Amino acid sequence: MSGFAPRVKAVLGPTNTGKTHLALERLSAHASGIIGFPLRLLARENYDRLVREKGPARVALITGEEKIVPPDARWFSCTVEAMPLDRPVEFLAVDEIQLCADPDRGHIFTDRLLRARGLVETMFLGAETIRPLLARLVPGVFVETRPRLSQLHHAGPTKLTKLPPRSAVVAFSAAEVYAIAEAIRRRRGGCAVVMGRLSPRTRNAQVALYQEKEVDFLVATDAIGMGLNMDVDHVAFAGLRKHDGHRLRPLAPAELAQIAGRAGRGMRDGTFGTTAASPPMEDELAAAVEAHRFESLTQLCWRNSDLDFSGIDALLGSLTTPPGRPGLVRGNDASDLETLSALAREPEIRRRAAGRARLRRLWEACQIPDFRKLADETHTRLCARIFEHVADGGTVPTDFLAAQIAHQDRPDGDMDTLMQRLSGIRVWAYIAARADWVRDAPHWQATARAVEDKLSDALHERLLARFVDRRAAVLLRRLEAGDGSALLSAVTRRGEVVVEGQSVGDLSGFAFHPDPETGGDARKLVLRAARRALHSEMPRRVAAAEDAPDSAFALIAHQRIAWDGHKIARLRPGATALRPQVEMLDSEFLDGAQRERLRARLQRFLDARIETTLAPLFRAEAAAAGDPALRGVLHVLAEALGCLPDGGAHGADPALRARLKPLGVTAGRFALFLPALLKPGPAALRAQLWALREAVAVPAPPPSAGAIALAPPEDWPAGFATAMGWLPAGPVALRADVAERVAAELAYAVRRGAAVLPPGLAGRLGVRGEWVPAVLRVLGYRVVPGAWPGDKAGTGPTDAPAHAAPYGPPAPALLMPLRRRDAPRLTPPVAVPRPAPRAPANTDGPFAALAALIR
């Protein structure tokens, strides 16, 4: 079209003015177009948006590390560095054009400002600060100023613990980001983390964590200032100074505004302020940010793009040419220029770079981005090696490329290690994207992308594990909602307490046990949530326990009562050993009335359990109630929990023994007891009650069922064995009923004098054969050696001179009763309660019968 000049338009204004949205609309309205973004993340994000609108076959993505260029592509989303300026398109746009003033990257943006044009329309988007220079350097530019859609208000300093939800905290070093993120995790449940070193995939995952309200806080570097459109209500600066790679300097007001502008999106206002160790923001500075009133830029960074490839020195000279127009200055030397300068000092490189084609390839190799920033010669040597491979039009060896990518393909290590590997794989992704350097570039580009995705996912998981406590975040949000609504909670059958979908601990009976992995502020938060959630659960549990049958309760070790397997009460000594009292275990969730109702229910269970398990004792007591002669005996026996050691004695009243026998009471030679209470069930209960009365721990383990003799463990308290019906008999203790039965049989056997030792005594007594004489001696008998019954002649135990026949085999062993004065006692005499001394006329009182038994 003759005489037609493409329109150049600048759309300027603060953040949240819809500039990017307008540019994408104009891009879509043209038949073809290119838009350049300052970040790979933004290029990818808007590529995806264009694909949804135009289809993947007509949209391209070009960044340093990624190239997706369909044959029929008409719309291009790129980073500013990667914009294909040799491709004619109707529309061209550059975002964040004020970055022309950036000392490190500004020369790229300035080059696009001065040289990049669309055939029909060109649009530059940025801050109002570039307006004067833009009008001077781009004659005829039409400038449109857009106001911010919402307002920014200065909120002043705020403590980390008082920051409102949906806040972003901005720090200016990785160490500060980590420290603040750790503090927010401890006190506020966690946060998402955004830093420039994160890959786009990791950054998007962290942003999604925040956007989906899994966390209410974001901690970021100043990387948040560009292109991250999130639902942030408040931006808090943890510092007002940053190290820009060269020096520590104060943040410019425009930089603060760019970051603070992340607060408030659409028509929703936002606030900004300071937090942590940052000094308060001066009123004048805060007012400038609120009003978006800043000094205009006075110079833009420039580097000559008309390069001289006639020789390496000529190339260096053209790169360092000073600008020839007012308002343009040289910025910092970029890494590509530093790398070229370093390699130009090497004779071999100078020799290999002879000729325009080779020198151009050297310059392209030097432009490999230094993502790793190792501050040594590593990057320079890599660029030199790549140049050696491609200098004469060759390619990077496939084995070498595969090994370098595989070296980065390790998702182990901490966050810093993974970020360093991500930087490394980005370098190789850049190299793999060069079709003129790599054979089968699409394959290697996809391989590098897969490794980057794997590392990105691993880094996201590390960030989650370190800086996010999802449970605390959810609970804190609901607890601080302030709407008075009840927490959604439940207690599973296993006792797990779930509040708002998060497990907070276990409910054991009426005691809440927080998750043992929580501590500090998180533990306090869990307890707060549990108190709210269990407010309605506890009355239901109390009612369920009151209505539960006795079978739902159990008396377990250490004098505890359990309900459905959970300890809820303990025993305390009562008026008598058979009437212990119940005391509820501590629980902050039970009030006084509920505790008393539960205590009464458990007391009924305990009384019933004792009466049922020790029923033979209670029946005997009831049967003897009307007989004064028996009532005292049973009273003392009950106080002794059914077994009174040494309660019988030689010469006891046979008539009284006969009267006790129908009651289930054995008045034996060695003890007064009820055989039924020696069984495992009653014995276990008696052990609990005895230990409670004596204020000692319940001995464990109990004797095995069916045991008739044992060696008492050393940790059994004094008196426990005999109280439980285990009578000391030499090297062992015998169960009382067995001792009485064997002693009675032996007494019958020797009623007329010495008798042959009955066979099988060792088995009946449950002891080893060589122990039999010692056991029998305690029972009141001695063995006269001879042939041991059942053994070969002369192999039996001997503890006396041999008793043998004059001729033939040895005589069998004989059993003889000991004289009374020689008979050892099983136990020291037990003090039996007796009534106070009375007149002789009271010899038939209730204790007289017991006295007759033990005389």
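Start by selecting F510, F512, L578, L634, L660 and V665: they have the most contacts inside the largest nonpolar core, which has 78 residues. A core here is a set of buried Ala, Val, Leu, Ile, Met, Phe, Trp, Tyr and Cys residues joined through side-chain atoms within 4.5 Å, and buried means under 20% relative accessible area (1.4 Å probe, protein chains only). Bear in mind that this is a predicted model: local features need pLDDT of at least 70, side-chain atom pairs count only at pLDDT 80 or more, and totals for chains, interfaces and linings use all residues. Numbering runs from 1 along each chain as its sequence is written, and side-chain values use heavy atoms, with hydrogens and water left out.

Now zoom in on L634. Leaving aside residues up to four places away in sequence, L634 touches A620, E621, A624, L660, L663 and V665 (contact: heavy atoms within 4.5 Å).

Next, jump to C191, V396, V451 and L459, which belong to a second, separate core of 48 residues. C191 is buried at a relative accessible area of 1%. For another buried cysteine, pick C643, at 2%.

Last stop: H107, W302, R303, G331 and N332, which lie nearest the centre of the largest cavity among its 14 lining residues. A cavity is a set of points on a 1 Å grid over the protein atoms alone where a 1.4 Å probe fits but cannot get out, and lining residues have an atom within 4 Å of a point. Helix α3 (106-115) and strand β17 (300-302) each give two or more residues to that lining. The volume is about 80 Å³, taken as the space filled by probe spheres set on the points, with points joined across faces, edges and corners.

Definitions and conventions
Buried < 20%, exposed > 50% of the residue type's maximum accessible area, 1.4 Å probe, protein only. 1 Å grid on protein atoms, 1.4 Å probe; cavity = no way out; pocket = protein on both sides within 12 Å on 5 of 7 lines; lining within 4 Å. Helix = DSSP H or I, 4+ residues; strand = E, 2+ residues; numbered from the N terminus.
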